[in-house]
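Here is a short note for a colleague opening this structure for the first time. Please keep the sequence and the 3D view side by side while reading.

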Amino acid sequence: MATSKPALDPLVIGIDIGGTGTKFGIVDRVGNVLFSSEMSTKKHKSLETYIDELYNSLKPLIDKAGGVGRIKGIGVGAPNGNYYTGTVEYAPNLPWKGILPLAKLIQDKFNLPVVLTNDANAAAIGEMMYGAAQGMKDFIMITLGTGVGSGIVANGNLIYGHDGFAGELGHTIIIPDGRMHEGTGKKGSLESYASATGVTLTAIEFLKNTKKKSLLRNVKPEEIDSKKVFEAAIQGDDLAKEIFEYTGKILGMALANAVMFSSPEAIILFGGLTKAGELILKPTREHMEANLIKVFQNKVKILVSHLKESDAAILGASALAWEIK
């Protein structure tokens, strides 16, 4: 009598859509990215051609993984992605404008269930499933990249708010009438200071407003970026260290507000700026604690994400798909 083959464990697809590129991969239950690739986002003027290329790029990976029958579903992380509606709404850095029914278009093309949320929320779910937040029910994920994103988890659930857009800590005002944010037109938001872009702007301001010697004075103003500030700081440059101290001070103040609002067990930082290590973590911790009232002090850990940066976006998006019933 022939024995039937044991059923293969299900897999999910994670798709992370960025303004420049899109990363995607096939992931197992414990967070191994089995197959992955990437493609350009910005070259596609039409959403339809983008979806076609996405399908044509993913199809060979699905076949390698054992076929579409093994795929439980697709999770998508995208800027301004709305979990409730499956739409991407007025994303400033994507080539397609307005309200886009992205989840439905992907679902129709792949004939698989699709869940979509914004990229920072996807990162939070990925961290909870595969990373530093495993076993935590209350934490805040902060992504420190070109911008500042956040995902807030309370009682084991991501906070989406009534319209799907909760958790925009990067756009909270931390310095009234402060630095102008070009994308939103608002003044003094956390993102204006604590992002890689913010570090660049702080460096330019500090160089202009002080006569201090600095290795950064050898760099053309248009070539200054957070990486060059970091390189100067690790060579002992005092002004570069001050830039990180100032950035950490503002981030710490913002995190103190977030802690007093939702009392998380931990705040998990992810993204390019965390590579600066203690240059930014030390002032962030100090200023967070200094701005907390006593009942919250020395209770909240600041951790750096455990997810491998090259896989993190795919893992975050893929984690959404395990929730599909």
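Predicted model: local features only at pLDDT ≥ 70, side-chain atom pairs only at ≥ 80, totals over all residues.

The points below cover the sheets, the helices on them, the cores and a few single residues.

1. Start with the open sheet of 5 strands in the order 3-2-1-4-7. Its pairing is mixed. Strand 3 (33-40) and strand 7 (114-117) are the edge strands. Each has a single partner strand, so one side of each has no neighbour in the sheet. Neighbouring strands here are turned by 15° against each other on average, direction ignored.

2. Inside that sheet. Strand 4 and strand 7 are parallel and share 4 bridges. Glycine 77 has threonine 117 in strand 7 as its bridge partner. Helix 2 (residues 102-110) lies across strand 1 (11-17), strand 4 and strand 7. The angle between helix 2 and strand 7 is about 155°.

3. Strands 11 and 12. Isoleucine 268 is partnered by leucine 303 in strand 12. Alanine 266 is partnered by lysine 301 in strand 12. Between strand 11 and strand 12 the chain passes through helix 8 (residues 278-290), and this β-α-β crossover is right-handed.

4. Largest core. The largest nonpolar core has 42 residues. Ile142, Val229, Ile267 and Met288 touch the most other members. Elements that each supply at least two residues include strand 8, helix 5 (196-209), helix 6 (226-234) and helix 8. Helix 7 gives the most, with 11 residues. In soluble globular proteins, nonpolar side chains tend to be buried together.

5. Methionine 288 and a second core. What does methionine 288 touch, not counting residues up to four places away in sequence? Its contacts are Gly252, Leu255, Ala256, Val259, Ile267, Val300 and Ile302. A second, separate core holds 31 residues, among them Tyr50, Leu61, Ile106 and Val114.

6. Helix 9. Helix 9 (residues 309-321) has a kink of about 25°, centred on leucine 315. Of its 13 residues, 10 are buried, so helix 9 is largely enclosed by the rest of the structure. Leu315 is itself among the buried residues, as are Asp311, Gly316 and Ser318.

7. Two asparagines to inspect. Most residues other than glycine have a negative phi. Asparagine 80 has a positive phi, near 55°. Asparagine 80 sits in the loop between strand 4 (71-77) and strand 5 (88-89). Asparagine 155 also has a positive phi, near 55°. Its place is the loop between strand 9 and strand 10. Are these residues partly exposed or exposed? Asparagine 80 is partly exposed, because its relative accessibility is 26%. Asparagine 155, at 61%, counts as exposed.

Definitions and conventions: Residues numbered from 1 in each chain as written. Heavy atoms only, no water. Pairing = 2+ DSSP bridges. Bend = angle between axes of the 7 residues up to and from the residue. Buried < 20%, exposed > 50% of the residue type's maximum accessible area, 1.4 Å probe, protein only. Right-handed = clockwise from strand over helix to strand, strands pointing away. Core = buried A, V, L, I, M, F, W, Y, C linked by side-chain atoms within 4.5 Å. Contact = heavy atoms within 4.5 Å. Axes fitted to C-alpha atoms, helices over the stretch in contact; angles between N-to-C directions.
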